[in-house]
Amino acid sequence: MTPPPVAEQLIDEFIDAVWLADGLATNTVDSYRRDLMIWAQWLEGEGGSLLTATRDQVQGFLARQARDAKAATLARRLASLRKFYRHWRSSERIVVDPTELLSSPRRVRPLPKALEEGHIAALLDAPRLETPAGLRDRAMLELMYATGLRVSELVTLPSEHLHLNEGFVQVLGGKGGKQRIVPMGAEAQHWLERYLKEARTMLCFGRAVSTLFINQRGEPLTRQGAWFIIKGYATQAGIPAEKLSPHVLRHAFATHLLNHGADLRIVQMLLGHADIGTTQIYTHVATARLQALHGKHHPRG
């Protein structure tokens, strides 16, 4: 069942309005559209319409969605509906917002999957260094572990934002696209120098490519491509599949810093988290450092 044309038109008008007003990312806009289309289809089957929907209908929709969707998905869909109806309420197209006073489904936040330092060492040693792609991959993995870059930040990192002599990278990422400066350390510097001198020109085929990391066709590396590379080397290194995610090196970066005594505020700055509450989740997995501190300072340790 597809929503009626009038519903699609209302959704399109809403998307255009919030995109112009808020400058939303494409992924956010796509999520709004997808969630609202699912809502409109369900509502059509119940004999309702977008601008006459009631709170009971919204609750019925969420109850139906809860059979298959996770709490995070339900929370996002309710957020999409809230944004939609607040827009039409402020535009005076509706008098009552059917999402008012509804509470979001509780989102249980999973702990990051953090690898032990031995697993990280095996992962970093996995690429074959006699090939240009292998040198690229070693430099890429070292940089991710040294800086905690998101995969999206890594693949869009311009070469000019790499400052090897000074030992840091300029990163644009996170909410609002804020800039942060992240030190990289001598090991990452070494492998990046080798990649730039011995491999990158061969991968470029003489073409000018602005991003630091490129694939074997001489094009910018994609998020999917980077994740495929990480998974391949993780398998070689004997890392269990359940411990893998696209941000596995980012999580290891944060956890290992805390295990070795880094201040939580510093880790927050390095990760580019706007809210320290986001960073605090790593204290639950950085157990080695906490246990050592307890054993050293507690009278019953």
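**View 1. Phe205 is exposed, with 54% relative accessible area.** On this scale buried means under 20% relative accessible area, exposed over 50%, and partly exposed in between (1.4 Å probe, protein chains only). You'll find Phe205 in the loop between α9 (200–204) and α10 (223–236). Helices here are DSSP runs of H or I with at least four residues, strands are E runs of at least two, and both are numbered from the N terminus. Phe205 isn't a glycine, yet its phi is positive, at about 55°. Most residues other than glycine have a negative phi.

A quick note on all the views: this is a predicted model, where local features need pLDDT of at least 70 and side-chain atom pairs count only at pLDDT 80 or more, while totals for chains, interfaces and linings use all residues. Residues are numbered from 1 along each chain as its sequence is written, and side-chain values use heavy atoms, with hydrogens and water left out.

**View 2. Leu101 has a positive phi, near 70°, and is a residue other than glycine.** Look for Leu101 in the loop between α4 and α5 (117–124). Leu101 counts as exposed because its relative accessibility is 78%.

**View 3. Glu116 also sits in the loop between α4 and α5.** With 54% relative accessibility, Glu116 counts as exposed. Glu116 and Ile239 are 123 residues apart in sequence, but their C-alpha atoms are 9.9 Å apart in space.

**View 4. Helix α2 (residues 26–45) crosses helix α4 (residues 71–90) at roughly 90°, with the axes coming within 9 Å.** The axes are lines fitted to C-alpha atoms, for helices over the stretch in contact, and the angles run from 0 to 180 degrees between N-to-C directions. On the α2 side, the contact (heavy atoms within 4.5 Å) involves Ser31, Tyr32, Asp35, Leu36, Ile38 and Trp39. Helix α4 brings Arg76, Arg77, Ser80, Leu81, Lys83, Phe84 and Tyr85. Sorted by type, the contact residues are seven nonpolar, two polar and four charged. Ala, Val, Leu, Ile, Met, Phe, Trp, Tyr, Cys and Pro count as nonpolar, Asp, Glu, Lys and Arg as charged, and the others, Gly among them, as polar.

**View 5. Three strands make an open antiparallel sheet, in the order β1-β2-β3.** Two strands pair if DSSP finds at least two bridges between them. At the edges are β1 (162–163) and β3 (178–183), each pairing on one side only. Two bridges join β1 to the antiparallel strand β2 (residues 168–173). His163 stands opposite Phe168 in β2.
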